[in-house]
Amino acid sequence: MSKQNFKFGEVKGDVIGAGASGIIARNISGNISIGTPQLEQMPDEYSRGLQDFTDKINQLLQTHQVNQEQVAPVQETLREFSQEVAELAPDQEPDYVKKVSLKSKIVSAAAGLSKLLPRGAEVVAAFTPLAPFSKLIGEAVDTVVKNVIKE
């Protein structure tokens, strides 16, 4: 049997040829991505933070072989989060409703990821690049994530 790596869109894994009986795919893991248009619309510190965050989370998802279907709700939450951040004017202080909305999306992402990945310092550390968002939500992101993870 021959073994080949493949990449199909955002899905990566191994393919093992099984002769005439077909192909068996394994180690397919989901990835989180943030759209380039949203990243371009937000200040650099937020854009860099989201990119670093997604890189760290994607490494964990691949390590723990979490599939795309399981990751989809977290992906949607982060897409909504990045869209809301992109809509803010630079240096704009969000109103209370926006702060709560942004914080709830971080809570939702942390809760979703804590179901997919082993709970602990590794997941909390993955959220470290989102520290600049603390000023938008009015609370330290790592504190929010720690509270979600320990529940």
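Visitor: How many salt bridges does the structure hold?
Guide: Seven. Keep in mind that this is a predicted model.

Visitor: Take Lys105. Which side chain does the side chain of Lys105 meet in a salt bridge?
Guide: That of Glu84, at 2.9 Å from N to O. Lys105 sits in helix H4 (residues 96–116) and Glu84 in helix H3 (residues 68–87), so the bridge ties together parts 21 residues apart in sequence.

Visitor: Is Lys105 buried or exposed?
Guide: Buried, at 13% relative accessibility. Glu84 is buried too, with a relative accessible area of 12%. The cut-off for buried is under 20%.

Visitor: Which residues are linked with Lys105 in a network of salt bridges?
Guide: Glu84 and Lys98.

Visitor: What about Lys99? Which side chain does it meet in a salt bridge?
Guide: Glu93, again by side chains, with 2.9 Å from N to O. Lys99 is partly exposed, at 21% relative accessible area. Glu93 is exposed, at 53%.

Visitor: And Lys146, what does it form a salt bridge with?
Guide: Asp142, with the closest N and O atoms 3.9 Å apart. Both residues lie in helix H7 (residues 141–150), four residues apart, or about one turn of the helix. Lys146 is partly exposed at 45% relative accessible area, and Asp142 is partly exposed at 36%.

Visitor: Switching to aromatics. How many aromatic pairs does a search of the whole structure find?
Guide: Three. In one of them, the rings of Phe53 and Phe127 have centres 4.8 Å apart and planes at 50°, so the pair counts as tilted.

Visitor: Where do Phe53 and Phe127 lie?
Guide: Phe53 is in helix H2, and Phe127 is in the loop between helix H5 (121–126) and H6, so the pair ties together parts 74 residues apart in sequence. Phe53 and Phe127 are both buried.

Visitor: Which residues do ring pairs link into a cluster?
Guide: Tyr46, Phe81 and Phe133.

Note on methods:
Residues are numbered from 1 along each chain as its sequence is written. This is a predicted model: local features need pLDDT of at least 70, side-chain atom pairs count only at pLDDT 80 or more; totals for chains, interfaces and linings use all residues. Side-chain values use heavy atoms; hydrogens and water are left out. Rings of Phe, Tyr and Trp (its six-membered ring) pair if their centres lie within 6.5 Å; planes under 30 degrees apart count as stacked, over 60 as edge-to-face and the rest as tilted. Helices (H or I, at least four residues) and strands (E, at least two) are DSSP runs, numbered from the N terminus. Buried means under 20% relative accessible area, exposed over 50%, partly exposed in between (1.4 Å probe, protein chains only). A salt bridge is a side-chain nitrogen of Lys or Arg within 4 Å of a carboxyl oxygen of Asp or Glu.
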